[in-house]
Amino acid sequence: MGRNLRSTNLLSNLPQLQNLIKRDPRSYEEEFNQQLHHFEASLAIFELKPDEEAKEFGEIINFLSQVARCYPQKSARFPGQLIDLLQKHYPVLNAELRKSIVQALILLRNRGVISNVTVMPLFFTLFRCRDKKLRSMLYSHIVNDVKVANKGKHRDHKLNKSLQSFMYTMVTAADAQDKHGEGAMAAKKSLDVCIELYRKNVWTDAKAVNVIVQACFSPINKIMLTAVQFFLNPLKKSNEGDEDDEDEPSTNGESAGQTKKNRVNFMMIQHQSNINRKTKYRTRVLDKATRIRKREQAKRDGQLPDEEDEDGIVSGGKKKKGSSGPAVNFDALSLVHDPQSFAEKLFARVHRSATATKRGGSTTDRFEVRLLLLKLISRLIGHHQLQVLAFYPFLQRYLQPHQVDVTQILALLANASHAFTPPDVLQPLIRAVADNFVSDHCAPEVMCAGLNTVRAIAARQPLAVDPDLLNDLVMYRKHKDKGVMMAARSLLVLYRQINPEMLHRRDRGREATMGLISGAPGSTPLGFGEVRAAEGVEGAELLDLPSEDESMDELEYASALGSDLEASEVELEESDDEVDETSDEDDGEDDALELVSDGSAMSEDEDDGSGASEDEDAEPIVNDEGAEPVVKKRVDMMRFLTSEDFARIEKLKRRQRQEGAGRQPKKSKTDDGYSDYSDAEAGSDDEQTGEVDDWAILGDYHSRRRRRKATYEERMDSIRAGREGREKFSSSKAKREKEGRSLSNREKRKTKDFRMISHKRSVVTKGKRKLSQKRRELRQHITKQKKKGF
């Protein structure tokens, strides 16, 4: 009787029965069979009315999912029954019961009872449910499950291929184009899964990226913007609460309430610190709240990046030392199958939205949406060097100083320029930028933005700027505003490197002038579409030259070349000092004379054979015995170059430039008062390879971005670097320490306290002097002062 009563209690107490089955599955096999039969009978009854709550039915499902692995043969049909139930009745099921069934399937999947290929399509289908908590749970499980399936070097290609194909179908489905339909929610969550797996380095193949490409053509702005923002910053984490559904309220109100609460807390802390007794703890609390408030204000003003984890955090959770901003990741753009048609379709949408009217029945996107699309188009054009010629005239309407987000528009214009962009397409835009931004009636910030934009475009396509406009812009290098002056000088230094012939003779600088006269390789500018093919490692022939500590006799030729050109440089400098603003006719005559002189100098160099030293390693060497000439091979053809070799090449190049120009590094300055190559190395190299943002358009002087605080080691290195070569300006204490001596007794006596010397004989006798003696010493002092010490 007791045994029957205990078995009856176990059937009603499922948690206790679950515990006992896990301990001893064989002893309680009969109870499990009873619960399994009870589940099948309840399932048949439930399918008649699937919209009921059925709390007891959910408890049975939870119990069977916990102990199913103890009886694998008898519970083989259980997962399939749950999957069929969800596929048939998921829209009308009770929310709690549906969540219980999904949790049971997740538990079975984690324990290996069912495969992920079987259950994953069902989970993507459940994204159509209007249940945010359920979608969040499914999203986390799918991402983690796929990540575990592709852990390490192992890749589950079958699962990846099936899921990517399923997501492509969901994103491009007809019901996914309806804003108010359930297919839109499923497409949005599927897109989030694909993006998150890319950020976790799980799906980094071309198929996953092109699924996101298809989402960029969605008529629903939320889906389209998610895909566009992924291509603009693939490594940036998406916001968790950016999903606003029609069935549930938005989280914007909660965030606003949280911000208001923080503001009230700060005011409360400030009020309590004013009326309560001052303690160290309350002072620390007030200081911390003040720092947080100031940081939030700086973020709103644009002085700081938005989030630390977006800018300074690398993979693995560690912060990069000295990171200033997020680096642009072009891997996703490189995997696009057809970037030309992709860019053209995006631009067609932007153009259609900008020219559409609400009266005509067309939908118009907001300006912020169009700006994001323009950013993506410009990045595609610049990265793949595409030809979308209608894109550039379209931007001309926005090139006004009063335009909203004009710095971002100028930045995307620079990013859309490349070496194969026709110069005649860019010239009207550069003229518009110069006319609207670079003039004396504009503010200094506006002028700086215009000059920096011209420089960024010229770094990618130098032929887009005509010589007359260039020389007019270069004249702003003497502007009173520091930002404008720096922008104009950077433009000047850029053209001294890439095409000095476009500059006036007085603006070219020593090295550019010497390069034009000597006809050095690389001094001739490239034409449109022309590429200079490299025959080997540039500068590899310099490795045959001796170093500074080995021998300086073999380098007399370089110094002799500089001395030969010294006279011509002096004449150029003297003429530059006397030249003032002249008319256009005089400039034309100067340019003509300049070309003639350059050509004659080059012809003389060719006749004298002075330029043959650069190609000396390729000339044949004739033996004394009259044998056949032996061609000397280049160093890079005989062995692999190491990192030390490349470092030595750069060092020898720098030394040749300095010796050829006849000046010391970082010491001598040009007639404008600044070095030729320090600014160029800092500006042009980054612009030719990197991405231009709105901070670079404003410049370092006018941008409000706060620079990273230097560490103690960096500050000390800067201090030591500034002390070198400045012994004349050092303090007397530093001079004494350098000489290894201390103060003399007479110098120390001047700083002693009077109580320490009041007992001295000299002090005592000085106070006991007679009045006649004091008068006599005073007269002597006055006489000495009149004679100024003599």
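This is a predicted model: local features need pLDDT of at least 70, side-chain atom pairs count only at pLDDT 80 or more; totals for chains, interfaces and linings use all residues.
Let's begin with helix packing. Two packed helices are described by the angle between their axes and the distance between the axes. Our opening pair is α17, residues 339-355, and α18, residues 367-384. Their axes cross at roughly 150° and come within 10 Å. An angle over 145 degrees counts as roughly antiparallel, so α17 is roughly antiparallel to α18. The crossing of α17 past α18 is left-handed.

Who touches whom here? On the α17 side, the residues include Phe-342, Leu-346, Phe-347 and Val-350. On the α18 side, among them are Leu-373, Leu-374, Ile-377 and Leu-380. Arg-349 of α17 and Arg-370 of α18 take part in this contact too. By class, the contact holds 12 nonpolar, 2 polar and 2 charged residues.

How many of the 10 residues of α11 are buried? The count is 7, so this helix, residues 206-215, is mostly covered. The buried residues include Val-209, Asn-210, Val-211 and Ile-212. Besides α17, the buried residues of α11 pack against α9, α10, α12 and α16.

Now for another pair, α20 at residues 406-415 and α32 at residues 694-702. Their axes are 6 Å apart, and the packing angle is about 110°. That makes α20 roughly perpendicular to α32. From α20, the contact uses Thr-407, Gln-408, Leu-410 and Ala-411, while α32 brings Asp-694, Ile-697 and Leu-698. Sorted by class, that gives 4 nonpolar, 2 polar and 1 charged.

Staying with α20, have a look at the loop between α19 and α20, where you will find Asp-405. Most residues other than glycine have a negative phi. Asp-405, though, is not a glycine and has a positive phi of about 55°.

Ala-54 has 23% relative accessibility, so it counts as partly exposed.

That's my tour, and I'm happy to go back to any of these places on the screen.

Notes
Residues are numbered from 1 along each chain as its sequence is written. Side-chain values use heavy atoms; hydrogens and water are left out. Axes are lines fitted to C-alpha atoms, for helices over the stretch in contact, and angles run from 0 to 180 degrees between N-to-C directions. Helices (H or I, at least four residues) and strands (E, at least two) are DSSP runs, numbered from the N terminus. Angles under 35 degrees count as roughly parallel, over 145 as roughly antiparallel, 65 to 115 as roughly perpendicular and the rest as oblique. Contact means heavy atoms within 4.5 Å. Ala, Val, Leu, Ile, Met, Phe, Trp, Tyr, Cys and Pro count as nonpolar, Asp, Glu, Lys and Arg as charged, and the others, Gly among them, as polar. Buried means under 20% relative accessible area, exposed over 50%, partly exposed in between (1.4 Å probe, protein chains only). A crossing is left-handed if the near helix is turned anticlockwise from the far one by less than a right angle, and right-handed if clockwise.
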